[in-house]
Amino acid sequence: MKRGLTGFNIAALVVGFGFLYLPIVLLVVYSFNASRLVTVWGGFSTRWYGALFRNEQLLDAIWVTFRVGLISATIATVLGTLAAVALVRAGRFGGRTLFSGMIFAPLVMPEVILGLSLLLLFVSVGLPRGFWTVTVSHATVTMCYAAVVVQARLAAFDRQLEEAAQDLGCPPVQAFFLVTLPNIAPAVAAAWMLAFTLSLDDLVIASFTSGPGATTLPMRIYSQVRLGVSPEINAVSTLLIGLVATGVIAVYLVQMRGRKAED
């Protein structure tokens, strides 16, 4: 059997990557289009980036989105790490299957069902919809992703390091923060970045749980796209792509540094 790259494999890779990334490349290119028509090239210009920073509605949506993402990702990472520790360290306990199923259920449950369930919960407890309902919803949904990432790292962690610290007189909680947490920090950072990115991307759940003054950027973009794509949307999308790419590279560098430290 012939090994290595063949003509078919190369063609499949080109078509696959082109299908995935060519629209993104076109979006970035047309964000520098001087023409107001997003499909007609009118020359290179950064005018739409200036227009973006004068658009108060988009700026307010960006500010809300980043606040929701930062807070919800932090909450999700903390709770996901605690859940991962319980699943890896607690062994078999009563209700473990139910606990594990409740944590990982959002991974396979449709977002429409999650959004509607959270909406009914907030209505039943009389909590007005707004910034904090969106934040809690995003933290609830993204916590399972953080738990999966941290659990995979904890399962491969050598507990003898933590036990050695305890043998030297370090309390269990202090040993976790001084020994275990620094070693799993790359996974925790990756979990936070994943939760933050999912929060930035969410539209369905935010549509169910948001209220006045809590319009996120995906909701604002969706509402404007229905009336026609504006060059300002290309500009803000390009900035988001750059932000996420920078975050992914930063997490990758942190993980590589952690691997070198282990070696």
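Trainee: What kind of crossing does α6 make as it passes α9?
Mentor: In this predicted model, α6 passes α9 in a right-handed crossing. The axes of the two helices, α6 and α9, come within 9 Å and cross at roughly 155 degrees.

Trainee: And how are α6 and α9 oriented to each other?
Mentor: Angles over 145 degrees count as roughly antiparallel, and α6 and α9 are therefore roughly antiparallel to each other.

Trainee: Which residues of α6 and α9 meet there?
Mentor: From α6 the contact takes H138, T142, Y145, A146, V149, V150 and R153, and these meet A187, V188, A190, A191, L194, A195, L198 and S199 in α9. By class, the contact of α6 with α9 holds 11 nonpolar residues, 3 polar and 1 charged.

Trainee: Stepping back, how many helices and strands does the chain have?
Mentor: The secondary structure comes to 12 helices and 0 strands, and the C-alpha atoms fill a box of roughly 70 × 65 × 35 Å when it is taken along the principal axes.

Trainee: Back to α9, then. At what angle does α3 pack with it?
Mentor: Helix α3, residues 56-89, and helix α9, residues 185-201, pack at an angle of about 140 degrees, with their axes 8 Å apart. That makes α3 oblique to α9, and α3 passes α9 in a right-handed crossing.

Trainee: Which residues meet in that one, and how do they divide by class?
Mentor: On the α3 side they are T65, F66, V68, G69, L70, S72, A73, T74, A76, T77 and T81, which meet V188, A191, W192, A195, F196, S199 and L200 in α9. The residues of this contact of α3 with α9 divide into 11 nonpolar, 7 polar and no charged.

Trainee: What about α4 and α6, where do their axes run?
Mentor: The axes of α4, residues 96-108, and α6, residues 131-155, come within 8 Å and cross at roughly 110 degrees. That makes α4 roughly perpendicular to α6. The contact is built from I103, F104, P106 and L107 of α4, together with T140, V141, C144, Y145, A147, V148 and Q151 of α6, and by class it has 9 nonpolar, 2 polar and no charged residues.

Trainee: Switching to pockets: what volume does the largest pocket have?
Mentor: Its volume is about 570 Å³. It is lined by 15 residues, of which D201, S237, L240, I241 and V244 are the closest to its centre. The elements that give two or more residues to that lining are α1 (7-30), α9, α11 (217-225) and α12 (231-262).

Trainee: Which element gives the largest share of that lining, and what classes are in the lining?
Mentor: The largest share of the lining of the largest pocket, 6 residues, comes from α12, and the lining as a whole divides into 11 nonpolar, 3 polar and 1 charged.

Trainee: And how much space lies in the second largest pocket?
Mentor: About 290 Å³ of space lies in the second largest pocket, and of the 14 residues that line it, M102, I103, P106, T140 and M143 are the closest to its centre. Two or more lining residues come from each of α3, α4, α5 (111-124) and α6.

Trainee: Which of these gives the most to the lining of the second largest pocket?
Mentor: Helix α4 gives the most, with 5 residues. By class, the lining of the second largest pocket has 12 nonpolar, 2 polar and no charged residues.

Note on methods
Residues numbered from 1 in each chain as written. Predicted model: local features only at pLDDT ≥ 70, side-chain atom pairs only at ≥ 80, totals over all residues. Heavy atoms only, no water. Axes fitted to C-alpha atoms, helices over the stretch in contact; angles between N-to-C directions. Helix = DSSP H or I, 4+ residues; strand = E, 2+ residues; numbered from the N terminus. Parallel < 35°, antiparallel > 145°, perpendicular 65-115°, else oblique. Contact = heavy atoms within 4.5 Å. Nonpolar A, V, L, I, M, F, W, Y, C, P; charged D, E, K, R; others polar. Left-handed = near helix turned anticlockwise from the far one by under 90°. 1 Å grid on protein atoms, 1.4 Å probe; cavity = no way out; pocket = protein on both sides within 12 Å on 5 of 7 lines; lining within 4 Å. Points joined across faces, edges and corners; volume = space filled by probe spheres on them.
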